[in-house]
Amino acid sequence: MTTVSPTSSVTARPPVPLGVRIARLWGGVLTVLTVLLALAWVFPMYWAVVTSVKPENDTVALPPTIWPQTFDFSSYTYIFQNSPLVRWYLNSVLTSVAITILVLLLSMLCAYALSQIDFRGRSWLFWLILIGFMIPFQASLIPLFIFINQLGLVNNYLGLILPQLAAPIAVVIYKQFFDQIPPELGDAARMDGASEARVLFSIFLPLNWSITVSLAIVTFIAAWNNFLWPFIVMNDTAKLTIPVGITQVQSAYGVAYAKTMATAVSAAFPTVIAYLIFQRRVTEGVMAAAGLK
Amino acid sequence: MLKTVPGKTDTQAVSKQVQARQKWMTAALMVAPFLIIYLLFLIYPTLRVIQLSFTNADLNGSGRFTGLSNYIKLLHEPTFWNALLNTLYFILLTVIPNTLVGLGLALLILRLRRLKNFVLAAFFLPYVLPVSVVTSVWNWVLDSNFGLFNFLTGSTVTWFQDPVWAMPAVAFVTIWWTVGFNILLFIAGLQSISPDIYEAAALDGASGARLFWSITWPNLWPVTSLILLLQLIAQFKIFDQIYLLTTGGPFDKTLVLLLYSYREGFQQQHGGYASTIGVVLMLIILVVSAIQSKLLNRGNAA
């Protein structure tokens with residue numbers, strides 16, 4: 001300190017009051033506790049990864065080793081060579097990407113019309129779509145399956161994809177965002193002769209680019225992780241998606257935990273990486289989907 | 001574009017009509033792709049499940065009208081009541097604990113500075129895992145012979161095969177998996193409470209627990225209510241974790257409504273009866289949403 005105030009002239013700084021010291025200590029304890037809790041929370045995931053790179057014998061060794069004594073990646077080569085894991089990966093990537101693109105495109109078009117074009121029947125149409133929020137698709141799983149079966153789409157990627165496009169959530173989110181844009185912006189472009197599609201894609205979409213990206217990532221993760229519908233509609237082993245497929249090989253491995261964990265880590269890899277890279281986007285998308293933004 | 005001349009009312013009216021029709025056509029074209037899929041794959045199955053519930057249909061949808069017999073059978077079926085009670089038990093074990101844990105962790109995370117993002121990511125990360133990954137990881141950690149948990153605690157419980165512990169174990173795994181979502185919503189809710197209110201209360205001498213109960217909790221109620229609703233609805237539809245961890249066992253101790261419907265429909269080919277369970281499930285969810293949205297609105301008005 002260079003400036004000396006008259007009150008604390010010669011002596012050192014006055015001692016910190018006891019209350020403040022206790023508060024600081026308590027704060028420190030809480031912080032340590034929170035961090036420990038966070039580490040405990042991710043520990044099962046760490047444990048899965050570590051198990052997957054141990055030799056099979058070491059996984060059941062007692063006491064368990066927190067860090068692998070020898071790194072052994074043979075479980076990965078084994079599962080990739082002895083199961084249709086690559087095929088399942090491809091299935092998951094292709095269907096999830098298709099679902100993501102189609103969900104965004106269809107809901108964007110629908111929401112734009114609902115928000116910016118004044119046409120007859122608009123308000124009851126929006127009500128019809130809002131009703132969808134209340135409807136649990138799981139309750140009508142049987143008729144949905146019967147219908148897809150009648151269309152000949154069981155074990156067909158189209159049968160996997162189409163029902164996943166029927167979710168009204170993205171429409172409602174887009175409509176909220178489009179509603180915030182002043183209609184004058186579109187009118188100006190329309191005066192210049194722009195079509196509605198053009199107004200949507202060159203004016204409204206760029207203004208909502210960030211929510212589109214967030215929705216895309218959240219939709220992709222949800223499509224990748226979807227279990228129930230792919231499990232119902234795909235029976236052909238080669239056509240399974242990865243979250244469904246791994247349950248089949250895992251039950252075949254029994255207590256071969258290194259292999260089981262290797263399949264789990266492989267299946268989780270894309271969504272975990274997507275989350276770690278796009279953390280903020282995921283948060284934004286989740287908030288929008290929950291109706292908080 | 002047609003330019004209307006003021007005064008010439010008839011052409012004006014005609015061009016307006018043309019414009020309106022054009023608008024309608026464009027709107028219809030933009031709405032149609034989503035609407036058709038929505039009607040075919042969500043609305044139609046929903047109406048069809050009601051119709052099927054009055055028939056003895058198989059898994060191909062062919063069957064005779066049998067009136068209320070499915071409903072009467074359902075009400076007299078002990079398995080149905082067991083599945084309903086199990087579902088409610090699962091809800092009891094997840095919804096409120098998950099909300100409280102979420103709130104507690106959100107409060108802990110919000111007071112952090114540098115470590116905030118890291119800690120939040122740690123709690124949220126399980127949420128992005130596919131359910132089958134979650135279940136296989138926990139099957140491993142809770143394995144009765146070689147699992148880490150039993151090794152550390154000296155327990156010998158076979159968690160997912162134990163009649164008493166199976167449901168709490170599935171509930172615990174569910175909380176681990178999904179609490180990150182609640183934390184996110186709570187953090188958003190907590191951050192939206194104006195700091196002015198806290199300052200004013202602090203000036204009045206309030207602190208600690210008093211601040212929480214008089215300011216945080218009431219102001220957080222709309223978010224809390226939303227979280228409760230979302231979870232309540234999600235947990236009524238519980239299927240994946242149960243199917244993968246216990247397949248409803250042991251002795252149907254973890255048989256829940258949707259799993260019961262799945263068994264009847266897809267394994268026993270009782271499409272009509274399975275649809276009846278579906279209708280009951282749907283009714284429950286509709287009633288819960290209605291009640292909860294009333295509560296939510298009151299929270300907003302206050």
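Modeller: Contact here means heavy atoms within 4.5 Å, and please keep in mind that this is a predicted model.

Colleague: Fine. What is T135(B) in contact with, if we skip its neighbours within four places in sequence?

Modeller: Leaving those neighbours aside, T135(B) is in contact with Q241(B), L244(B) and L245(B). T135(B) itself sits in helix α5 of chain B, which covers residues 131-141.

Colleague: And is T135(B) buried or exposed?

Modeller: T135(B) has a relative accessible area of 4%, and since buried means under 20%, T135(B) is buried.

Colleague: While we're on α5(B), at what angle do α5(B) and α7(B) pack?

Modeller: The angle between α5(B) and α7(B) is about 125°, and their axes are 11 Å apart. That makes α5(B) oblique to α7(B), and the crossing of the two is right-handed.

Colleague: Which residues make the contact?

Modeller: From α5(B) there are V131(B), V134(B) and W138(B), and from α7(B) there are F172(B), V173(B), W176(B) and W177(B). By class, the contact of α5(B) with α7(B) has seven nonpolar residues, no polar ones and no charged ones.

Colleague: Changing topic to the core: which residues touch the most other members of the largest nonpolar core?

Modeller: That core has 194 residues, and those touching the most other members are F178(A), I232(A) and I183(B). The helix that gives the most to this core is α7 of chain B (residues 166-191), with 16 residues.

Colleague: What does I232(A) touch, not counting residues up to four places away in sequence?

Modeller: I232(A) touches L141(A) and F145(A), and also Y262(B) and F266(B).

Colleague: Back to helix pairs. How do the axes of α3(B) and α9(B) cross?

Modeller: The axes of α3(B) (residues 78-110) and α9(B) (residues 209-236) come within 10 Å and cross at roughly 140°. The two helices are therefore oblique to each other, and their crossing is right-handed.

Colleague: Which residues meet there?

Modeller: On the α3(B) side they are T87(B), L88(B), F90(B), I91(B), T94(B), V95(B), N98(B), T99(B), L103(B) and L107(B). On the α9(B) side they are F212(B), W217(B), L220(B), T224(B), I227(B), L228(B), Q231(B), L232(B), Q235(B) and F236(B). The residues of the contact of α3(B) with α9(B) divide into 13 nonpolar and seven polar, with no charged residues.

Colleague: I noticed V288(B) in that part of the chain list, so what is V288(B) in contact with?

Modeller: Apart from its neighbours within four places in sequence, V288(B) is in contact with L229(B), L232(B) and F236(B), and L232(B) and F236(B) are also among the residues of α9(B) that meet α3(B). V288(B) lies in helix α12 of chain B, residues 271-301, and at 13% relative accessibility V288(B) counts as buried.

Colleague: What about chain A, how do α4(A) and α10(A) pack?

Modeller: Helix α4 (residues 85-116) and helix α10 (residues 196-207) of chain A pack at an angle of about 100°, with their axes 11 Å apart. They are therefore roughly perpendicular to each other. In this contact, L105(A), M108(A), L109(A), Y112(A) and Q116(A) of α4(A) meet E196(A), V199(A), L200(A), F201(A), F204(A) and L205(A) of α10(A). By class there are nine nonpolar residues, one polar and one charged.

Colleague: Now the backbone. Which residues are joined by a cis peptide bond?

Modeller: G249(B) and P250(B) are joined by a cis peptide bond, with omega at about -10°. P250(B) is in the loop between α10 (240-245) and α11 (257-267) of chain B.

Colleague: Why would we point that out?

Modeller: Most peptide bonds are trans, and most residues other than glycine have a negative phi. T247(B), in the loop between α10 and α11 of chain B, has a positive phi of about 45° although it is not a glycine. At 45% relative accessibility, T247(B) counts as partly exposed.

Colleague: And where is N155(A)?

Modeller: N155(A) is in the loop between α6 (141-150) and α7 (157-161) of chain A, and its phi is near 65°, a positive value in a residue other than glycine.

Key:
Residues numbered from 1 in each chain as written. Chains lettered and ligands numbered in written order. Predicted model: local features only at pLDDT ≥ 70, side-chain atom pairs only at ≥ 80, totals over all residues. Heavy atoms only, no water. Axes fitted to C-alpha atoms, helices over the stretch in contact; angles between N-to-C directions. Helix = DSSP H or I, 4+ residues; strand = E, 2+ residues; numbered from the N terminus. Parallel < 35°, antiparallel > 145°, perpendicular 65-115°, else oblique. Left-handed = near helix turned anticlockwise from the far one by under 90°. Nonpolar A, V, L, I, M, F, W, Y, C, P; charged D, E, K, R; others polar. Buried < 20%, exposed > 50% of the residue type's maximum accessible area, 1.4 Å probe, protein only. Core = buried A, V, L, I, M, F, W, Y, C linked by side-chain atoms within 4.5 Å.
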